[in-house]
Amino acid sequence: MNNAITDVPGIQIGHYTDMDALTGTTVILVKEGAVAGVDIRGAAPGTRETDLLNPTNLVDEVNAIVLSGGSAYGLASADGVMKYLQAQKIGYPVGGGNVVPIVPAAVLFDLGRCGTDFKVWPDAGFGYNACLNAKDGLIAQGNVGAGTGAQSGGLKGGIGTASTDLGDGVIVGAIVAVNAVGSTVNPETGEFYAGFLERDNEFGELKPPNLDALVKSRQLMDKGDDAPIGNTTIAVVATNVSLTKAQAQKIAQMAHDGMARAIRPSHTMFDGDTIFAVSTKKISLDKLQNLKNVPVSINKIGSTAADTLSRAIVHGMLAAESVDGCMKNYCDTYPDACSNRRK
């Protein structure tokens with residue numbers, strides 16, 4: 001496994017990045033279709049097609065999900081994803097051989113960051129090119145796609161991903177663009193809030209930072225509190241287990257626990273925190289061994305999705321690269337913590 005959401009069979013990830021404008025788009029492609037749910041906890045969301053995911057509504061499956069920079073302007077990137085899918089006749093059939101691709105989307109605020117042009121944001125071309133770049137296997141993290149201009153708690157944020165193998169072929173994965181008002185780091189210790197969830201030394205043997213670094217980091221976090229408008233963390237969690245829309249929605253709800261464990265505070269007035277949950281329907285829910293019934297199985301997948309998302313958030317922060325004169329990443333802020341780190 002690659003410790004990535006692409007470990008979930010049926011999922012491909014594509015990024016399109018504009019480093020000059022410090023923005024970009026990430027597309028989660030599920031060409032064979034996936035049942036999906038969504039849960040929004042932040043007070044400033046920017047979304048598209050989320051009402052369709054309500055279990056009482058008609059369409060059962062999505063063909064892609066878009067995570068993008070650009071605030072509400074960036075929702076236009078989904079138009080390019082629809083164009084890409086329509087050309088391949090992938091979408092909801094509406095008669096006469098025609099389809100309407102189902103492409104929910106969520107955006108984060110990165111406009112004008114680090115002195116870039118406020119009027120440059122992701123458009124349809126970003127979404128289309130992200131689809132052209134989509135692949136499975138290992139995927140880029142950090143300053144790519146929707147994480148290009150991200151920041152969190154005064155530190156450079158970015159795209160992160162992780163996965164968990166529950167055995168018997170059951171996989172849970174997550175991908176996230178970390179761009180929060182809150183911090184992923186405990187200001188008293190300089191350690192990641194979600195560090196305790198690490199599996200198999202995946203974070204690279206981080207050490208506690210020294211006192212000088214802690215003082216400097218608190219100053220960075222204090223500066224972040226001065227201008228809270230410009231945030232939102234957006235994510236997708238996924239599994240290959242067959243789910244209903246209602247079950248997917250419940251898993252999206254539970255996954256927010258993982259965001260709250262990794263970022264403090266989460267779901268603020270200035271964040272539009274949104275999590276999608278998707279099922280690629282490759283195996284039956286009863287593949288989860290030793291569980292008594294369906295609700296217990298959903299609990300297992302939902303709690304695993306939360307922990308996997310927490311780990312993906314840490315990976316996004318560790319993979320992010322500093323932007324000169326604007327945003328410092330974790331390891332540049334806490335060099336002692338990363339002195340022995342394996343990448």
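The model is predicted, so local features need pLDDT of at least 70 and side-chain atom pairs count only at pLDDT 80 or more, while totals for chains, interfaces and linings use all residues. Residues are numbered from 1 along each chain as its sequence is written, and side-chain values use heavy atoms, with hydrogens and water left out.

The structure contains 5 aromatic pairs; rings of Phe, Tyr and Trp (its six-membered ring) are paired if their centres lie within 6.5 Å, and planes under 30 degrees apart count as stacked, over 60 as edge-to-face and the rest as tilted. One of these pairs, Tyr73 with Trp121, is stacked, with 3.8 Å centre to centre and 15° between the planes. Because Tyr73 lies in the loop between β4 (61–68) and α1 (77–87) and Trp121 in the loop between β7 (105–107) and α2 (124–132), the pair ties together parts that are 48 residues apart in sequence. Helices (H or I, at least four residues) and strands (E, at least two) are DSSP runs, numbered from the N terminus. Tyr73 is partly exposed at 43% relative accessibility, and Trp121 is partly exposed at 26%. Buried denotes under 20% relative accessible area, exposed over 50%, and partly exposed in between (1.4 Å probe, protein chains only).

Tyr330 and Tyr334 form a tilted pair, with 4.8 Å centre to centre and 45° between the planes. Tyr330 is buried at 1% relative accessibility, and Tyr334 is buried at 0%. Ring pairs also join Phe192, Tyr330 and Tyr334 into a cluster.
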